[in-house]
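Here is a short tour for someone meeting this structure for the first time. Have a look at the model, then read on.

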Amino acid sequence: LASPNAAVTLVVFADFMCPHCAAEAPVLREAIKKFRGQAKIVYRHFPLDMHPHARVASMATEAALAQSNDKFWEMHDYVFANQSDVFDDDDEVEEQLRKGAKKIGLDMVAYEAYMKAGTGKALVQKDRDAGEALKITGTPAVFVNGRYYNPLLFGGTVDGWIDDALRR
């Protein structure tokens, strides 16, 4: 999200069933808006084993990304904003994700084909593997220009971390 040539890159490893990730998402987005053109977000999937539907939600956002980058972020926002509805009934998760896909205006034929083919599985696993290589144990895990975000430094805010990265 934001300028591809931004000086600061926030990489966030997140899980769509994680309430902490849902709370962190708008904080990160606001920081990117504040530093418009100077910072960007790169989202990485890190579905936790304890969240059985996080992988299918990640695949749904990848199906949206296959249609456009903007649609990825719209689906991302939809899933986080509607966590309780999407994940309320184990038997209805995929239907709730379809509902979100329709709501954001995805081409549903393409969405269904993508989901049926399982195309996103490898992409989600690749992100998960990258997170494991970084020794991530929980979500959200945020990196600012490659440094693991620690709320005890730089004023304890993402803004402070971005500001510090811009001064380096």
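A cavity is a set of points, on a 1 Å grid over the protein atoms alone, where a 1.4 Å probe fits but cannot get out, while a pocket is an open set with protein on both sides within 12 Å along at least five of seven lines; lining residues have an atom within 4 Å of a point. Grid points are joined across faces, edges and corners, and a volume is the space filled by probe spheres set on the points. What you see is a predicted model, where local features need pLDDT of at least 70 and side-chain atom pairs count only at pLDDT 80 or more, while totals for chains, interfaces and linings use all residues. Residues are numbered from 1 along each chain as its sequence is written, and side-chain values use heavy atoms, with hydrogens and water left out.

Let's start with the spaces. The count comes to one cavity of 30 Å³ or more, and the largest cavity has a volume of about 80 Å³. It is lined by 13 residues, and those closest to its centre are Val12, Ala25, Leu28, Tyr43 and His76. At least two lining residues come from each of β1 (8–14), α1 (19–34), β2 (39–45) and α3 (69–81); helices (H or I, at least four residues) and strands (E, at least two) are DSSP runs, numbered from the N terminus. Helix α1 gives the most, with five residues. The cavity lining divides into 10 nonpolar, one polar and two charged residues. Here Ala, Val, Leu, Ile, Met, Phe, Trp, Tyr, Cys and Pro count as nonpolar, Asp, Glu, Lys and Arg as charged, and the others, Gly among them, as polar.

Now for the largest pocket, which holds about 250 Å³ of space. Of its 14 lining residues, Val42, Tyr43, Arg44, Leu65 and Phe72 are the closest to its centre. Two or more residues come from each of β2, α2, α3 and α7, and β2 has the largest share with five. Sorted by class, this lining has eight nonpolar, two polar and four charged residues.

Next, two helix pairs. Axes are lines fitted to C-alpha atoms, for helices over the stretch in contact, and angles run from 0 to 180 degrees between N-to-C directions. A crossing is left-handed if the near helix is turned anticlockwise from the far one by less than a right angle, and right-handed if clockwise.

| Helix pair | Angle | Axes | Crossing |
|---|---|---|---|
| α2 (54–65) and α7 (120–133) | roughly 115 degrees | within 9 Å | right-handed |
| α1 and α3 | about 135 degrees | 9 Å apart | left-handed |

Angles under 35 degrees count as roughly parallel, over 145 as roughly antiparallel, 65 to 115 as roughly perpendicular and the rest as oblique. So α2 and α7 are roughly perpendicular to each other. In their contact (heavy atoms within 4.5 Å), Arg55, Ser58, Met59 and Glu62 of α2 meet Gly120, Lys121, Leu123, Val124, Gln125 and Arg128 of α7. These contact residues are three nonpolar, three polar and four charged.

Helix α1, by contrast, is oblique to α3. Cys21, Ala22, Ala25 and Arg29 of α1 make this contact with Trp73, His76, Asp77 and Phe80 of α3. By class that gives five nonpolar, one polar and two charged residues.

Finally, the backbone. Which bond joins Thr139 and Pro140? A cis peptide bond does, with omega about -5 degrees. Pro140 lies in the loop between α7 and β3 (141–144). Lys135 is found in the loop between α7 and β3 too, and its phi is near 65 degrees, a positive value in a residue other than glycine.
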